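Notebook open, viewer running. I'm jotting down what I look up as I go.

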Amino acid sequence: MFGHSEMLIVVLLVLVLVFAGVHIAVALGITAAFGIWLMMGDLDVVRTFVSNTAYEALRDYVFAVIPLFMLMGDLLAKCGAARDIYALGHRFSKWLPAQLAAATIVSNALFGFVTGVSIAAAATFSRIAYPEMKRYGYRRDFALGCVAGSACLGMLIPPSVLMIVWAVLTEVSIGKLFLAGVIPGFLAAFGMIVYVVVAATLNPALSGGAPESRASRTVPRAPDLTVGPATDTGDPPTGLPSEAPLGPLLRSTGLVVALVIGVLAAIWLGLCTPTEGAGVGAVGALVLALIKGITPREIRDVVIDVGRTSGPLLLLLFCAQLYSRVLSMTGFTEVAKAFLLATGLGAWGILAVMVGIWFVLGTLIDSISIILLTVPIFAPIAAHLGFDPLAFAIIGILAIETGLLTPPFGLLVFTVKAAAPDKSVELAEIFRGAIPYWLVLLAVVIGIAVFPGLATWLPSL
Amino acid sequence: QETFRLRIASGHPPVQTYVNLITTFFVPEVTKRVAERTKHKVQFVEGYGGSMVKVADTLEGVQSGIIDIGGYCFCFEPSNLPLHAFQVMLPFGTMSPTASVKLAREVYDQVPYLSKVLEDKYKQKLLGLIADNGYNLGTTFPWKTVADLKGQKIAGAGLNLKWLEYAGATPVQSSLPEAYTSMQTGVYNGWIMFPSGWLQFKLYEIGKHYAETGFGAITWHGLTMNTASFAKLPKEVQDIIVEVGREYETKTGSVNEENYPKQLEELRKLGVDVRKVPDEVRAEWAKSLADWPRQKAKELDAQGLPATQVLELTLAAAEKHGHKWPVRYVVK
Amino acid sequence: MSDRLTTPVVHLLLAVAALIIFALGFLVVADVIGRGVFNSPVKGTPELVSMSIVIICFLLAPYAVQSGGMLKADVLVGAFGGRGRAFSELASGVLGALFFGLIVWGGTEPALRAFMAGEYEGEGALRVPAWPARLVVVAGAALVVLIYLARAVRALRVLLGRATPPDVVA
Ligand code: NA
Ligand code: NA
C-alpha cells in the first residue's frame, strides 16, 4: 500500500544515511524533508514545514537546561572539582583492596552529580586517576577499564543530558527522571566497586600487589615508574598529594557537592523549574569558581566551550523533532506497535528486542542520536505494554550507555585513549578492561526490568 | 473506490475535552459514515500532544498541508488571528458552553471575514468551532476579597491575562501542559482555568482553591482543514466531513456543559474548596474592565478588522440567548 | 578558500552565542530572586529564554559544522579508509547544503514578514518580537549552506585524487 512504502522509506533511508557516515542531524533532516515530499509532492510545503520547524522546535523554555547545566558542570570541573573529589575518595577508601580503582568509581559517582556528560568524566579521570593507578603498579587494562567504565556513571546520575533529552521527547518530568536515576546509578557504582574489590582480591596483581605481599599496602610499589622515587608525599604527574590536609579538601568538595545537590533538591522539591535550577547552578558555580580564583580568561574558555558542545546537540534535537513529526505523520509508530504486538512476543520479549536494538545501535552510534532515533517509536509501545515510563527511560539510558564501552564505536573508550597521558595505550586494552563494567550495567538493566521500583520509588515519594 | 488518508493533529493531548472528542467522535464518525454512505474509504493518521504539530504551529501546519486537519486555540495566534479571540474581549459573558458556541457561530455567519481570512490567507476551511467550559480562577492559596489577589502571580493563555489587571495580579503567560510543574514550583500561584483543565491536568493536587468567578465560556478554538486537501475529496466525502464537523462543534458545547457541574463536584470530592464569587464582586470586576472592549475594538479596527461590528454582534447575540451582562459594555 | 571569509564570522557567532548562554544564566537567576525575594518576577523571562534557545542554536550551527563537531557514525565507512571518509563527507556536504538550503528558502519570507508586520510571541506586557529569531535561523542556515558546500568540494577533490585525504576531516 502507498502509505506503507512512505514509512519504510523514511525509516530505511535514515539508517542508510547514518551508516554511510552522513552527519546524523543532516540524515534526520533530509530524510524528514524527503518524507514530506513523498507525502505531499510539493516542494513549497517541504520548505515551509522545514523552516517553520526550525523556528518552532526549539522555542521552548525547557531546552535552556542543556547549555546551563553544561555551564555549571564545566565551571566546577575547571576549578578542580574532580581532583578534589578524587583526593577525598582516595582518603576514604584506604582500607579497600584495589583502593585507587574503588576511589575512581566513588569519585565518578560523586562527579556524576556535577557533570551532565560522561566524556568530561572520562577525560578528567584519565588525567588524574590513571597516572595514580599506574604509579601504584595497577595492570594497565584494569586501570583504564576502570576509568572508562565508571565514567558511565556521569550520565546515569543526575544531571544527565541523556535524561534531559529523553524527558523532552517523552514529556515526562525532568525532575522525576533525574530522581529515578539515583538508585540505579548508585547500584551500578556499587556493582563496579564489588567487581574491582573481588577481582583484586582474587588476583592481587591487577591492583599492583604481588600475590603474597599485598597486605602491606601503605608502601606503594612502583616497579615501572621512572619519575622519581615512590614516596607517598606527592605525585608530579597529577600533583595529587595522597595525604593532603583533610579540612580544605572537605570544604571545597563540600561546597561543590552542596551546590549541585541543592540545585537538584530544589528541582525535586518543586521549588524551581529545571531551567531555573540549571540557571542558579550555573551562576552558583561561577561564584564558587571565582572564589577558587578562576581567571577571566578561563571563564571565557569555559563559556566558549559550552557553546562548542551545545551547538551540535541543539541542532540534533531540532532535526530529530522534525524527523519524529514526519515519522508520526506516516503512521509508522502505530504500524510498528501493531507489528510488535502481533509477533506474540509478549511484553518481556518486546522489551528484550528493544534492549537488543539499543545494544547494537550503541556499538555504532552515539547515545543521544540513538535516543532521538528510537525513543519516539519505542516509548509509546512500552507505555502500551504497561511499562512504567520512568523505569523504561532508565532501562533505555542504561542499555544505550553500554554502547559507550563496546567496540567499534565506544565513545568513552576513545576519550580515555585520547586523554590518557600514556600514549602507548591501545584501544583493545581499554575495551577489554571495560567488559566487566558493561556486564554490571547489563545486570542493572535486568534488575530494573524485574524490579521497576528501583527507578520509580524515589520519584514517587 | 478509493482510500483517502487524512492526517489529523493537535498540539494538545487527548485528555483535553476537545481533543478527546476529535479522537472519539470526529474520527470514527467520519470513517464510519464515509464507509457506509459512499464507495470510498477514509483512513485517519492521528497525532496529538505535539507529536505532529505543537500548539503554536498547528495553524501553519494546516496551512502548508503538512497535516490535513488540525485543532488549535486561537490564543496562540495573537498576530495571525487577533480578532478571533473576540469573546475574551467581553469578560463575564455566558458560562454556558452551548450558548457560547451557538452565539459564536451566529457571529461567524454574519461576519464573513472570520471564516474568509482562514480560507484566503491561511488556506484552511473551518470545519467546526470549539467551546471550552467556563473560565474561573483556580489558586494555590485561599482568597476572600479581590484585594487578596493583589501582587499574586496568575497565569493565563494569551488575551485573557487582561482580566487579571483589575485585581492587580501579575500576569504570567503559560500553557496547560506546563501548568502543573509551574504551579508546583511557584512560577505562578493561580490559573484562569475551566474545571475540565483543573481536573484533567491534575491541578487540584496543588491548587486547592477554585473560585467560580464566571469569566465566561469562551469559544476560541477551531477545527480546520487544509483547503487543497478538502478540494481533492469527492463531493460526498466533503459533505460528510462538513456535516460531522458541525456535529462536533455542537458536541463541544453540550459535552462541556454536561461536564461542568460533574467536574466541579469531582473537584469537591478531591478536596478542592469550590466556591461561588458573589454577583457584586463580579459586577465590580466587570466595571473595572468596562472600557477595555472599546479600546480593543479601536485597536483592531485600526488594523482594518471588523472588530466593532463583531463585538456588538456578540453582545447582542449573548443577550438573545438570555445572558445578562454584569456591565453592558459600550463598544462604539 | 571560502574558509578565509567564513571563519571569522563563524567564530564571532560562536562567541555571541556563548555570551547569550552566559547571560541566560543571569536572567534566570534574576527572575528567581525577583520572584522569591521581591515577589516580582522579571516579566517575560520564559518568552525571552525560549526565543534565545532558537537563536543560540542557529548561531552555533555554522561552528558546529565547520569545526567537525557534528555527530556522525563513521565506523562502517572508516573501514574503507580515507576515500570512504571522503565519500561520507561529500554526502554530508551535499545533503547538508540541501537541507539547510530548504530552511533558508522557506524561512526568508516569514522572517521578512515578521519584521514588517511586527509579529510577536506572548501577550500583553510579555510580547517578544519574533523577527530576531527568524532572522538568525535564516542567516545561520545560509552560512551553514556555504560551509557544507565548501566541505563537499574539498571531499570531491580528495575523491578525484586532486588532494590528499586530510588526517583530520575537520
Ligand atoms: Na550526571
Ligand atoms: Na559502542
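Predicted model: local features only at pLDDT ≥ 70, side-chain atom pairs only at ≥ 80, totals over all residues.

How many residues of chain A are in contact with chain C, and how many of chain C with chain A? I get 59 residues on chain A and 56 on chain C.

Next I looked up the area. Chain A and chain C bury about 5000 Å² between them, and 79% of that lies on carbon and sulfur atoms. On the chain A side, His23(A), Arg47(A) and Tyr55(A) supply 16% of the area buried against chain C, more than any other three residues.

Then I checked the polar side of things. I do get 5 residue pairs in polar contact between chain A and chain C, both residues at pLDDT 80 or more.

Which helices of chain A supply at least two residues each to the side that touches chain C? I listed helix 1 (2-19), helix 2 (24-40), helix 3 (43-56), helix 4 (65-78), helix 13 (274-291) and helix 14 (296-330). Helix 14 of chain A gives the largest share, 15 residues. By class, I noted 41 nonpolar, 11 polar and 7 charged residues on this side of chain A.

Over to chain B. I found an open sheet of 5 strands in the order 2-1-3-10-4, with mixed pairing. Strand 2 (41-47) and strand 4 (124-130) of chain B each have a single partner strand, so one side of each is left without a neighbour in the sheet. Neighbouring strands here are turned by 25 degrees against each other on average, direction ignored.

Last, one pair up close. Strand 4 and strand 10 (residues 221-226) of chain B pair in the antiparallel sense over 6 bridges. I spotted Leu126(B) opposite Thr224(B), which belongs to strand 10 of chain B.

How values were computed. Residues numbered from 1 in each chain as written. Chains lettered and ligands numbered in written order. Heavy atoms only, no water. Pairing = 2+ DSSP bridges. Helix = DSSP H or I, 4+ residues; strand = E, 2+ residues; numbered from the N terminus. Axes fitted to C-alpha atoms, helices over the stretch in contact; angles between N-to-C directions. Contact = heavy atoms within 4.5 Å. Buried area = accessible area lost by both parts, 1.4 Å probe. Polar contact = N/O pair within 3.5 Å; in protein donor to acceptor, adjacent residues only side chain to side chain. Nonpolar A, V, L, I, M, F, W, Y, C, P; charged D, E, K, R; others polar.
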